Each structure stands twice: as C-alpha cells, then as structure tokens.
Amino acid sequence: ARNHVEFVIAFFAVHLLGGVPALVNAFLPGKGIYDCIRDVGCKVALFDVERYRRMRGAEEDFVAKLFGPAGEGCVDDFGCTPGAHDGLSGVAVFPRAASGIVADNEREWLHAKAGDKVFDATELDRKYASAAQAADAIPSIDIVPEDMGSVLYTSGTTGNPKGVAATQRQFLSSGPNSGFFTVRAYVRRGLTPPVPQPGDEPMST
C-alpha cells in the first residue's frame, strides 16, 4: 500500500497479534504483487484501493486467485506453517485512495460484493469494535530476538522480487542506533555528550 496512516496502523497491529508483516513494493504490477504474496505464504492480505484494483484489473483476477492453492513454482523460503500456501483466509481493503476516502457507493467490494472473503476494513472496524477493547484483545506472544520480524520484498528490477527477512533484534536495534548517532555527532565536534536526565523526553526513533 501507499504510505497511508492505515499502513502504519496495520503494520504494528500485525506485530501485536504475533504475525509477521510482509511488505510488497507498491509499484509492482498485479502479477508481481500476487507472486510475492504467494511466495511468503500469507494467510491474510491488506490492500489499499489502488493495489486492490490493480490486482483485480490485471490480465487475470489475481485477488480471486489468492484464495486457491499456490502453483508448483511456489517455494517455501520462510518456514511457513503447514497449509500456508493453500490459499488466503481473507483480504481486507482500506478504502483510502490517493484522492482520499472512497465513497461507499464507489467501493465495489463493500458488503461482500466481491466475495465472502473480501472485506472492507471499515466494516471490520465496526463489527469488531467491542472485541478490540477487550482485556485479552492483544494476545501474549513469546518472542525471542532471532524470531522473524518482517519480510520486505525488493523492487524486482533485475528479476523476480525477493523477500528479505529481518529479525526482531534488527528492529529493536534502531532505538540504540539512533542514540549512538546522536552521541557520535557530539564527539566529532569535540563536545561532551549530555548525560540523560530522569525528566528528559524520550528520543524519537
């Protein structure tokens, strides 16, 4: 998806639920997006309007094709759970396009018009609003530093896009790294870095 606010929310929501977000280059054609989704063995796909319509309007309906088994050329590079390549459980579409929120009467997927596995994200928000507020809405997940944290697909300019996995440790290292770069900037100027104080605001990472 584009860098909409829904992308950021969805990215961290997947983490909170114990999943691994797989990010696909937004400029890929419909088949390229489809190939990445099947390669990583997703169970759910989240689209913005433009990516969803690109998948639907390609040489074949790649959204519908997501719900069937992957082809023989699909290789499990990421240790997916059994059945991960048998087909997605569902697709959610965030109704935001580059021009803004798409009106209800222009959402061709709304109210299961595109099938019972294609959902409008705002419909899901309303349906599960109370469940999201429950005390156990966020499951307790045991995670170790070397568990996979994300998969980022390359642009595919020199061949098929390739999924690059990052661990939880790599994600968490961005915090200390930002502090290191701040301290280095002081040292390079011959200055003594300030000592953090209890009342200091946390540094943005």
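This is a predicted model: local features need pLDDT of at least 70, side-chain atom pairs count only at pLDDT 80 or more; totals for chains, interfaces and linings use all residues.
Three strands form an open sheet, and their order is β2-β3-β6. The pairing is parallel. Two strands sit at the edges: β2, residues 44-48, and β6, residues 118-120. Each of these edge strands pairs on one side only. From one strand to the next, the twist averages 25°. Strand β3 covers residues 90-94. Five bridges join β3 to β2 in the parallel sense. Within this part of the sheet, V44 stands opposite G90 of β3.

Helix α3 packs against several elements, the sheet strands among them. The buried residues of α3 are V49, R51, Y52 and M55. These residues pack against the three strands β2, β3 and β6. They also pack against α2 (30-40), α4 (62-65) and β4 (96-97). An α-helix has 3.6 residues a turn, so residues three or four places apart point the same way.

Aromatic rings were then examined. The whole structure contains six aromatic pairs. One of them joins F11 and F171, with ring centres 5.9 Å apart. The planes of F11 and F171 meet at 35°, so this pair is tilted. F11 belongs to helix α1, residues 5-16, while F171 belongs to helix α7, residues 168-172. The pair therefore ties together parts that are 160 residues apart in sequence. F11 counts as buried because its relative accessibility is 12%, under the 20% limit. F171 has a relative accessible area of 32% and is partly exposed.

A second pair joins Y52 and W109. The ring centres of Y52 and W109 are 5.5 Å apart. Their planes are at 70°, so the pair is edge-to-face. Y52 lies in helix α3, residues 49-56. W109 lies in the loop between β5 (100-101) and β6. The pair thus ties together parts that are 57 residues apart in sequence. Y52 is buried, at 1% relative accessibility. W109 is buried too, with a relative accessible area of 0%. Ring pairs also build a cluster, which links F7, F11, F12 and F171.

Polar residues also occur among the buried positions. E6 lies in helix α1. With a relative accessibility of 15%, E6 counts as buried. The side chains of E6 and R96 are joined by a polar contact of 2.8 Å. Beyond residues up to four places away in sequence, E6 touches F94 and R96. H4 is found in the segment before α1. H4 is buried as well, at 13% relative accessibility. Apart from residues up to four places away in sequence, H4 touches D48, R96 and A97.

S89 sits in the loop between α4 and β3. At 47% relative accessibility, S89 is partly exposed. Neighbours within four places in sequence aside, S89 is in contact with K43 and K117. S89 and G71 are 18 residues apart in sequence. Their C-alpha atoms are 17 Å apart in space.

The cysteines close the account. A disulfide is a covalent bond between the sulfur atoms of two cysteines. The count of disulfides in this model is zero. C36 is in no disulfide. The cysteine sulfur nearest to that of C36 belongs to C42, 9.5 Å away. A disulfide would require the two sulfur atoms to lie within 2.5 Å. The relative accessibility of C36 is 2%, so C36 counts as buried. C42, at 17%, also counts as buried.

Notes
Residues are numbered from 1 along each chain as its sequence is written. Side-chain values use heavy atoms; hydrogens and water are left out. Two strands pair if DSSP finds at least two bridges between them. Helices (H or I, at least four residues) and strands (E, at least two) are DSSP runs, numbered from the N terminus. Axes are lines fitted to C-alpha atoms, for helices over the stretch in contact, and angles run from 0 to 180 degrees between N-to-C directions. Rings of Phe, Tyr and Trp (its six-membered ring) pair if their centres lie within 6.5 Å; planes under 30 degrees apart count as stacked, over 60 as edge-to-face and the rest as tilted. Buried means under 20% relative accessible area, exposed over 50%, partly exposed in between (1.4 Å probe, protein chains only). A polar contact is a pair of N or O atoms within 3.5 Å; within protein, one must be able to donate a hydrogen and the other to accept it, and residues adjacent in sequence count only if both atoms are side-chain atoms. Contact means heavy atoms within 4.5 Å.
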